[in-house]
Amino acid sequence: MSTTNILIVGAGAVGAFYASRLHQPQAKVLVSVVCRSNFAAVAASGFRMRTRAFGDYEFHPHGVYKSCEAAVQEGTHYDYVVVATKALPDIDDEPATIAPVVGRGTVVVLIQNGLGIEEPFRARFPENAILSAVTVISAAQTEPGVIVQHRWTRISIGAYKTPTDTPSSITAAEEATRRLISIFHAGGIADAEHWDSDELQRVRWHKIAINATFNPSAVLSGGCGNAEMLSDPLLKAHCVACMEEVFAAAQRIFPDAPFPPPHLASIDAIVASSLRNTASKPSMLLDWEAGRPMELEVILGNPIRIAKRHGIDMPRLATMYATLRSMAIRRGLQKPREAKPSAKSSSTNESSL
Ligand SMILES: NC(=O)c1ccc[n+]([C@@H]2O[C@H](COP(=O)([O-])OP(=O)(O)OC[C@H]3O[C@@H](n4cnc5c(N)ncnc54)[C@H](OP(=O)(O)O)[C@@H]3O)[C@@H](O)[C@H]2O)c1
């Protein structure tokens, strides 16, 4: 049995949680991590995991590195490079960050929220398989190296395809997806799900309906959590209308099947479950409160631009994007320019969205 080397770039809440489940030395699956602000803590003592799904445990990655350059110095070839940073294409050039660890045959896996996140990676790595993953999890890094997972998990994974992909590259990407999912299952992530490329993009749109509604509204409402917003009649009407706007756009972009897909929640179900979740705050609100950049481009900017290219306006999302982006720029959190995904590469993929 040959060794499978996995490198997680961005070992925060999501990255460390999945790293700890994928690391299976007995099965020769070795997971290393590239850390940033938590490097010293993780290099010294690994991660302390406080999980609802698996209890409390320590996780000591195979390697802990300060950068991708450092991660290749020992000559390791990585089979999978998993990007689990916040997706901030207006601030970071993530494909450039991971370029040193992406070799021939390396599979790039993106576990991030948002739409259009794959395109810059496809442009930089035209020969490598790219897998797109959407996760439902409530996790946080409460102090450097301490990861708390609050709620249930699902991770939906699919190969990212473009019309120029060859049959052999598609076969390789599907095989890489199957292999990764089998490692997730062996690590106890029973609900790791394999979707085809188009279906995975529909899952992304569904998650956007939630993220693009509650994240910006939480900041713009002055700091309300999801349940709080839904308890206020005006804010509830706004949130429901935002979700309807995204659902309607997704239905027009994917006309061949009803949206949402039957396995995903209706707006009523999202409202009901959000009303029960009184504890947590949307990540954009946490980022705003902490003075960190927000995932504005991938959660609002890209969906608005992708919809526009299909002739669809999303005025509620566009209003939130314009106002929140201005607030972030004035506060010095975001750069006054748009995300990079090119219109050309986006539209190529949209035809298969
Ligand atoms: N947390 C959740 O419950 C959840 C649920 C679903 C989806 N997501 C999505 O998952 C993605 C990751 O979110 P998260 O909550 O895990 O974020 P997070 O806790 O902030 O973790 C991101 C990590 O990436 C690190 N990082 C950023 N740039 C890096 C670089 N160039 N090199 C090395 N490390 C780098 C950050 O370091 P610093 O500390 O230095 O910034 C941080 O440790 C986001 O797209 C998010 O929207 C999160």
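The following exercises, with worked solutions, concern a predicted model.

**Exercise 1. Strand β9 and its partners**

Task: Determine which strands pair with β9, and in which sense.

Solution:
- Begin with β8 (residues 130-143), which pairs with β9 in the antiparallel sense over 11 bridges. Within this pairing, A139 has Q149 of β9 as its bridge partner.
- Next, examine the connection: β8 and β9 form a hairpin with 2 residues between them. The turn contains G145, whose phi is positive, at about 85°.
- Turn to β3 (residues 47-51), which runs parallel to β9 and is joined to it by 4 bridges. Here M49 stands opposite I147 of β9.
- Finally, β10 (residues 192-195) pairs with β9 in the parallel sense, also over 4 bridges. In this pairing I157 stands opposite H194 of β10.

**Exercise 2. Burial of β9**

Task: State how many residues of β9 are buried.

Solution:
- Take as buried a residue with under 20% relative accessible area.
- By this criterion, 11 of the 14 residues in β9 (residues 146-159) are buried, and the strand is mostly covered.

**Exercise 3. The second largest pocket**

Task: Describe the volume and lining of the second largest pocket.

Solution:
- The pocket holds about 330 Å³ of space.
- Its lining comprises 23 residues, and P126, E127, N128, A129 and S169 lie nearest the centre.
- Sorted by class, the lining has 10 nonpolar, 8 polar and 5 charged residues.
- Helix α6 (residues 167-186) contributes the most to this lining, with 6 residues.

**Exercise 4. The annotated domain**

Task: Characterise the span of residues 200-326.

Solution:
- An unreviewed UniProt entry places the domain "Ketopantoate reductase C-terminal" at these residues.
- In the model, the span is 72% helix and 0% strand, and its end C-alpha atoms lie 31 Å apart.

Conventions
Residues numbered from 1 in each chain as written. Predicted model: local features only at pLDDT ≥ 70, side-chain atom pairs only at ≥ 80, totals over all residues. Heavy atoms only, no water. UniProt positions renumbered as here; feature names shortened; annotations may be inferred. 1 Å grid on protein atoms, 1.4 Å probe; cavity = no way out; pocket = protein on both sides within 12 Å on 5 of 7 lines; lining within 4 Å. Points joined across faces, edges and corners; volume = space filled by probe spheres on them. Nonpolar A, V, L, I, M, F, W, Y, C, P; charged D, E, K, R; others polar. Buried < 20%, exposed > 50% of the residue type's maximum accessible area, 1.4 Å probe, protein only. Pairing = 2+ DSSP bridges.
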